[in-house]
Structures are given as C-alpha cells and as structure tokens.
Amino acid sequence: MKTPKTYEEYCLDSPEETQEILENLKNFIQNLLPESELCINYGIPTFKMKGKNVIHFGGFRNHIGLYPGSEAIEIFAEKLKKYKTSKGTVQFPLQEELPFDLIQEIVEFRKEKF
C-alpha cells in the first residue's frame with residue numbers, strides 16, 4: 001500500500017471488507033467534530049482541530065484501529081477491557097459491531113482538549 005494523500009485514496013486501498021466500516025466511522029466522527037478537518041497523518045485518516053490531531057483511525061484485515069492517544073486509553077481503560085489496546089490505540093475486531101457509544105465518549109473527551 002502506497003502512502004495515501006487523501007481519505008478517499010486510503011479507503012480505496014483498504015481491504016474491501018473494511019471500506020464500508022471506515023466510511024461509517026468517518027461519517028460518525030465527522031458529525032461529532034463538524035469543525036474539524038479530515039486529512040492523512042502518519043499514513044492514516046486523522047481529524048484535526050486548530051492544527052492539532054484529535055483522533056486517528058484506520059482499517060486493517062482483522063480490525064479497525066482507533067488512535068485517541070494514551071490519556072484516553074487510560075481514562076477509558078475499564079470500558080476498553082474487552083478490546084486489544086496499547087499505549088494509545090484500541091483495536092475493534094471486524095467481526096463485531098463498532099461500539100459507537102464508546103467511540104462517541106472517546107471523541108468527546110478528545111474534543112474537550114481543544
């Protein structure tokens with residue numbers, strides 16, 4: 001996969017089974033952050049506000065990655081227990097519905113930082 005320049009390029013280069021999920025997630029976050037800008041940063045879709053990264057996301061063969069940063073992962077650790085996490089990342093398995101209520105909480109938490 002070459003480094004995409006736009007969200008559209010990223011989505012089209014993603015595995016077919018993740019494209020619709022990515023589009024739904026993008027639209028969901030965009031509705032929560034209408035004043036944000038969608039761009040590609042670190043090779044993945046990123047919502048920015050005031051020139052700073054709010055949240056990243058990406059589609060992979062087996063999961064959707066959400067990258068809200070380490071503070072959000074710590075704050076929401078209890079609610080993220082059933083998902084694979086690392087310092088600043090959570091992985092949502094493709095075979096499960098995205099937890100949009102939880103994603104909304106995380107995005108709103110990140111939005112408060114701006």
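**Close-up 1. Strand pairing around β6.** Two strands count as paired when DSSP finds at least two bridges between them. In this predicted model, strand β5 (residues 84-86) pairs with β6 in the antiparallel sense over three bridges. Look for lysine 84, whose bridge partner in β6 is glutamine 91. A hairpin of two residues takes the chain from β5 to β6. Strand β6 also runs antiparallel to β4, and four bridges join them. Here, histidine 63 has proline 93 of β6 as its bridge partner.

Close-up 2. Threonine 89 sits in strand β6. Is this residue buried or exposed? At 16% relative accessibility, threonine 89 counts as buried, because the cut-off for that class is under 20%. Leaving aside residues up to four places away in sequence, threonine 89 touches Leu66, Tyr67, Ile73 and Lys84.

**Close-up 3. The largest nonpolar core.** This core holds 32 residues, and those touching the most other members are Ile29, Ile55, Phe57, Leu66, Leu80, Ile103 and Ile106. Both helices and strands take part: the elements that give two or more residues to the core are α1 (7-13), α2 (16-32), β2 (44-49), β3 (52-59), β4 (63-67), α3 (70-75), β6 (89-93) and α4 (100-111). As background, nonpolar side chains in soluble globular proteins tend to be buried together.

**Close-up 4. Aromatic pairs.** Five aromatic pairs turn up in a search of the whole structure. In one of them, the rings of tyrosine 7 and phenylalanine 57 have centres 6.3 Å apart and planes at 45°, so the pair is tilted. Tyrosine 7 belongs to helix α1 and phenylalanine 57 to strand β3, so their pairing links distant parts of the chain, 50 residues apart. Both of these residues are buried. Tyr7 and Phe57 also form one aromatic cluster together with Phe47.

**Close-up 5. A ring pair between two helices.** The rings of phenylalanine 28 and phenylalanine 100 have centres 4.7 Å apart and planes at 55°, so this pair is tilted. With 27% relative accessibility, phenylalanine 100 counts as partly exposed.

**Close-up 6. Phenylalanine 109 in helix α4.** Phenylalanine 109 is found in helix α4 and is buried, with a relative accessible area of 14%. Which residues does phenylalanine 109 touch, not counting residues up to four places away in sequence? They are Glu71, Ala72, Ile75 and Phe76. Phenylalanine 92 is 17 residues from phenylalanine 109 along the chain, and their C-alpha atoms are separated by 19 Å.

**Close-up 7. Two cysteines without a disulfide.** The search of the whole structure finds zero disulfides. Cysteine 11 is in no disulfide, and the nearest cysteine sulfur, that of cysteine 39, is 16 Å away. Cysteine 11 counts as buried at 9% relative accessibility, and cysteine 39 counts as buried at 18%.

Notes: Residues are numbered from 1 along each chain as its sequence is written. This is a predicted model: local features need pLDDT of at least 70, side-chain atom pairs count only at pLDDT 80 or more; totals for chains, interfaces and linings use all residues. Side-chain values use heavy atoms; hydrogens and water are left out. A nonpolar core is a set of buried Ala, Val, Leu, Ile, Met, Phe, Trp, Tyr and Cys residues joined through side-chain atoms within 4.5 Å. Buried means under 20% relative accessible area, exposed over 50%, partly exposed in between (1.4 Å probe, protein chains only). Rings of Phe, Tyr and Trp (its six-membered ring) pair if their centres lie within 6.5 Å; planes under 30 degrees apart count as stacked, over 60 as edge-to-face and the rest as tilted. Contact means heavy atoms within 4.5 Å. A disulfide is a pair of cysteine sulfur atoms within 2.5 Å.
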